[in-house]
Amino acid sequence: MYDLIFKGGTLIDGTGTPRRDADIGIVDRHIAAVGDLAGKQARQVVDATGLIVAPGFIDAHAHDDCLLLSSPDMTPKLSQGVTTVVAGNCGMSLAPMPRPVPQPVTPPLDLLDRSGDAFRYPTFAAYVDALQRQAPATNFAVLVGHTTLRVATMDDLGVAASDAEIAQMRTLAAEALAAGAIGISTGLAYITAMPAPTEEVVRVCADLHAFGGIYCTHMRDESAGIMDSLAETFEIGRRLDVPVVISHHKLSGAANFGRSRETLPYIESAGSQQPVCLDCYPYDAGSTVLEVWRVRRCDRVIVTWSTPHRELAGRELNDIAALFGVDREEAAQRLMPGGAIYFSMDAQDVDRILAFPPTMIGSDGLPHDSQPHPRLWGAFPRVLGHYARNRALFSLETAVHKMTGLPAANFGFKDRGVIMPGACADITVFDALTVDAGFGYGERVQPARGIVHVMVNGKLAWTNGAATGTREGRLVRRRAA
């Protein structure tokens, strides 16, 4: 007797192998059988005829640290088939914060919570405990952020950390890793971490290897200096003897368009000598804090939030400048603190990076923006619909692998990311003919199309366009090879 059977669907199992017809039998929180289950009994049968049955998607790059607590239904992710999020990226995590966070909240930590109220966990263990008691609708794996550690220990973020401050950060990082953090992330491109030299990063992360953790980085430069930044990233990984994840790999600025022809072979070469992987979101525009220097480099900018002018979220910066009767830079100054979508990438570079075999899919979505980048709600269906089905950039099997089996292997989630007996029952069922993102830049937020059922740890959490209210999310730990 099975608890549930997905019957009559086409299985794409997350390994990259060709699809096949198969039924899936679920018992408790695990997959019990894969194959022809005709005549077998189940308490519930879900008809998947004409649909693809795949592992639940793993968001390899998320900023859901606060969302997991404030909106545990996790609708932006669940509605697009995501069953596990990797949070704490770009040097930003809610914990540990053993002292009051500065007011106003130090950027880019304000991307997680602008009020500062959510930075209330003195230890990482306290944060993990809050997540587990909340029981969100998706699973969660969490990194500890280097910028958070700097804010927690340093009074002057404009300089390199002292020996004493590095020792404090290392102690906090070790506590986080012991409490369940899967690794440490950096955001070296942000002004609050730019002054940190390579040596500071290595010393703060010195316990990563002992805990079997990984190093994830928003690199120091994603434009003219990208090759040097890649070299620094690989050096840190070698010195720490840990796997490296290059966050949201991109080439920013028109002067760098086409340089993925240069970066990808370099990443491939490094990956033959040390563990290296990368993630990418399927759009040619990024989103982060509103800053004048970023505005100077982009012809098109959309404001996603503004503290002094909340009513202007979703508007083009050029239109706002005209409304104010000032130039774009002055308009940006008046809107700060705020966030923005920056059209700074070449679509062909995005194609090459997405098609690169080691590339995982990450949304990099910012859930607290008033008018968010569409990647928050649509990154994974867009890969399946726009890139796999419409553009034929890669097969549907490859697309699914990039968001399931590949990140599970890279992050050490050994019981997720594939459909096979014994694996955790995280499953997404979708319509390959209709699946796609639900909205584009500047449009009204809409859930993705074509996601029919989503199961998390053996319970249906999303079905036929609506959440069931079930919240079976668990802390996912890394199990290093």
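**Aromatic rings and their contacts**

Colleague: Over which ring does the charged end of R114 sit?

Modeller: The model is a predicted one. In it, the distance from the charged end of R114 to the ring centre is 3.9 Å.

Colleague: How many aromatic pairs does the structure hold, and how are the planes of F343 and Y441 arranged?

Modeller: The structure holds eight aromatic pairs. In the pair of F343 and Y441, the ring centres are 4.7 Å apart. Planes over 60 degrees apart count as edge-to-face. The planes of F343 and Y441 stand at 65 degrees, so this pair is edge-to-face.

Colleague: How many residues apart in sequence are the parts that the pair of F343 and Y441 ties together?

Modeller: F343 belongs to the loop between β18 (338–342) and α13 (347–355). Y441 belongs to the loop between β20 (427–430) and β21 (451–456). The pair therefore ties together parts whose separation in sequence is 98 residues.

Colleague: Is F343 buried or exposed?

Modeller: Buried means a relative accessible area under 20%. The value for F343 is 18%, so this residue is buried.

Colleague: Which residue lies over the face of F343?

Modeller: The face of F343 has a residue over it at 4.2 Å from the ring centre. That residue is R300.

Colleague: Are the rings of F411 and F413 stacked or edge-to-face?

Modeller: Both F411 and F413 are buried. Their rings lie 5.6 Å centre to centre. Planes under 30 degrees apart count as stacked. With 15 degrees between the planes, the pair of F411 and F413 is stacked.

Notes:
Residues are numbered from 1 along each chain as its sequence is written. This is a predicted model: local features need pLDDT of at least 70, side-chain atom pairs count only at pLDDT 80 or more; totals for chains, interfaces and linings use all residues. Side-chain values use heavy atoms; hydrogens and water are left out. Rings of Phe, Tyr and Trp (its six-membered ring) pair if their centres lie within 6.5 Å; planes under 30 degrees apart count as stacked, over 60 as edge-to-face and the rest as tilted. Helices (H or I, at least four residues) and strands (E, at least two) are DSSP runs, numbered from the N terminus. Buried means under 20% relative accessible area, exposed over 50%, partly exposed in between (1.4 Å probe, protein chains only). A charge sits over a ring if NZ of Lys or CZ of Arg is within 6 Å of the ring centre and within 35 degrees of the ring normal.
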